[in-house]
Amino acid sequence: MADFAATKQLFSLPKGVVYLDGNSLGPLPKAAMARLSTTVEEEWGRELIRAWNSAGWMARPRSIGDRIARLIGAASGSVVMGDTLSIKVFQALAAGLALRPGRTVILSDTGNFPSDLYMAQGLCRLLGNRVTLKVVEPEAVLGAIDDQVAVVMLTHVDYRTGAMHDMAAITAKAHAHGAVMVWDLAHSAGAVEVDLSACRAEFAVGCTYKYLNGGPGAPAFIYVRPDIADYVEPPLSGWLGHATPFAFELAYAPGRGIERMRVGTPPILALAALEAALDIFDHVQMREVRAQSLRLTDLFIKEAMTAVPELELVTPIDANRRGSQVSFRHPQGYAAMRALIDVGVIGDFRAPDIMRFGVTPLFIDEADVRTAAGAVGLVMRERRWDNIKYRERLAVT
Ligand SMILES: *Cc1c(COP(=O)(O)O)cnc(C)c1O
């Protein structure tokens, strides 16, 4: 049985703060500080360039990929780390299109994160608009999959509403029409149970600084289904995805399997912090994390709605249809979130009017949820959002 009181102790959390924004930037794992200083002092400091071999630096994108694979239902050897999520989206999408050369449509939805859509738009332009991006409402995705679609590209859990797509059903429909499936697991990895092997999606990508707590700018991951990994065409053909990078050949030849999705030099310091964060997941099963997340989100919804009945819940109440966050719509959502942060409850705001609360069982417990719901009640009852100092938008919401 997972001991969530124990995992909470593994994070450095400032006193007097309830942190409901681990869905955007996970908090600092205490062990990350020591891990980073070891990597800096002993490996970088003493080993210098030898550390690529002696400290196993070069193998790290694969070994960490294996640890993430466990959390997303993927086979060992099918996930590799590197770059940011936007880059990984581009890679998966372009590789997916190359698998369906005769087809002309990328299908996505309005619940997708803008960067994913922007990357798709840029790729369409790069391909001389031979391919177009079609964006439909989330509920219309299943019906919009037809034989023109080359790639269905979706984010599993909607970053604004927290609504979760049916991964198995959509992937099956995509495959029935001969389309390639790309899942973005940005709000799923470390948050909900994912079974990539079972759904047979060709590609998946995700970031590690949200629910996986890898730290600001922690590298992203990419998954390629093992049976196609040896013939997928890597669209970003960097030297570390080459079959023999240290032969320094002039012509590119893709590496074996998932190796070919590597691009350039791995960010070793960021990977060190991420490793410390992933150690915490060794103490839990995703099934237990999910069960606890549902208990806590249910409690938060119930308590917040009791305190403020006029709140508009935009997250599906059905447990099978939501991820690990709770979102409310409020016309003064931005100012209300600023006021909440001032009373020690940190969530965030997503334009135009969504107040978003990430619920992360590794470090959020029932008492935190009750405190947060109480604070929501206070801010709304006392109309604390109605204060000039909260109106001006900061650069990062
Ligand atoms: C957070 C998030 C991103 C961010 O991409 P970066 O390149 O890491 O900045 C992209 N897509 C989705 C779906 C996200 O949730």
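Modeller: Gladly. Let's begin with Val-152, which touches Leu-107, Ile-145, Ile-170, Ala-174, Ala-179, Val-180, Met-181 and Val-182, leaving out residues up to four places away in sequence. Keep in mind that this is a predicted model.

Biologist: Which core residues have the most contacts inside the largest nonpolar core?

Modeller: The general idea comes first: in soluble globular proteins, nonpolar side chains tend to be buried together. Here the largest nonpolar core has 88 residues, and those with the most contacts inside it are Ile-72, Val-152, Trp-183, Leu-196 and Phe-300.

Biologist: Now the sheets. What is the strand order in the open sheet of seven strands?

Modeller: In general, strands of a sheet pair through backbone hydrogen bonds, either parallel or antiparallel. In this open sheet the order of the seven strands is 4-10-9-8-7-5-6, and the pairing is mixed. Strand 4 and strand 6 (132-136) are the edge strands, each pairing on one side only. From one strand to the next, the twist averages 20°.

Biologist: Which helices pack on that sheet?

Modeller: One of them is helix 6 (residues 114-126), which touches strand 5, strand 6, strand 7 and strand 8, its direction making about 150° with that of strand 6. Helix 5 (residues 85-99) lies across strand 5, strand 7, strand 8, strand 9 and strand 10, and runs at about 170° to strand 9.

Biologist: Let me zoom in on strand 10. Which way do its side chains point, and are they buried or exposed?

Modeller: In a regular strand the side chains alternate between the two faces of the sheet. In strand 10, Phe-221 and Tyr-223 point one way, Ile-222 and Val-224 point the other way, and all are buried.

Biologist: How many bridges join strand 10 to strand 4, and how many join strand 10 to strand 9?

Modeller: Strand 4 and strand 10 run antiparallel and are joined by three bridges. Met-81 has Phe-221 as its bridge partner in strand 10, and Val-80 stands opposite Ile-222. Strand 9 (residues 203-206) is also antiparallel to strand 10, with four bridges between them; there, Ala-204 has Tyr-223 as its bridge partner.

Biologist: What about the open sheet of four strands: what is its order?

Modeller: Its order is 11-12-15-14, with antiparallel pairing. Strand 11 (312-313) and strand 14 (348-350) each have a single partner strand, so one side of each is left without a neighbour in the sheet. Between strand 12 (residues 325-329) and strand 15 (residues 354-358) there are five bridges, and Ser-327 has Arg-356 as its bridge partner in strand 15. Helix 11 lies across strand 11, strand 12 and strand 15, at about 25° to strand 12. Helix 12 (residues 333-342) lies across strand 14 and strand 15, at about 40° to strand 15.

Biologist: On to a helix, then. Which residues of helix 4 are buried, and what covers them?

Modeller: An α-helix has 3.6 residues a turn, so residues three or four places apart point the same way. In helix 4, the buried residues are Arg-60, Pro-61, Ile-64, Gly-65, Ile-68, Ala-69 and Leu-71. Their cover includes helix 2 (30-47), strand 4 (79-81), strand 10 (221-224), helix 10 (268-281) and helix 11 (286-307). After helix 4 comes Gly-73, whose phi is positive, near 65°.

Biologist: One last stop: is Asp-368 buried or exposed?

Modeller: Asp-368, in helix 13 (residues 366-381), is buried because its relative accessible area is 13%, and the cut-off for buried is under 20%. Beyond its neighbours within four places in sequence, Asp-368 contacts Lys-8, Val-18 and Phe-363. Asp-368 and Leu-20 are 348 residues apart in sequence, yet 9.0 Å apart in space, C-alpha to C-alpha.

Notes
Residues are numbered from 1 along each chain as its sequence is written. This is a predicted model: local features need pLDDT of at least 70, side-chain atom pairs count only at pLDDT 80 or more; totals for chains, interfaces and linings use all residues. Side-chain values use heavy atoms; hydrogens and water are left out. Buried means under 20% relative accessible area, exposed over 50%, partly exposed in between (1.4 Å probe, protein chains only). Helices (H or I, at least four residues) and strands (E, at least two) are DSSP runs, numbered from the N terminus. Contact means heavy atoms within 4.5 Å. Two strands pair if DSSP finds at least two bridges between them. Axes are lines fitted to C-alpha atoms, for helices over the stretch in contact, and angles run from 0 to 180 degrees between N-to-C directions. A nonpolar core is a set of buried Ala, Val, Leu, Ile, Met, Phe, Trp, Tyr and Cys residues joined through side-chain atoms within 4.5 Å.
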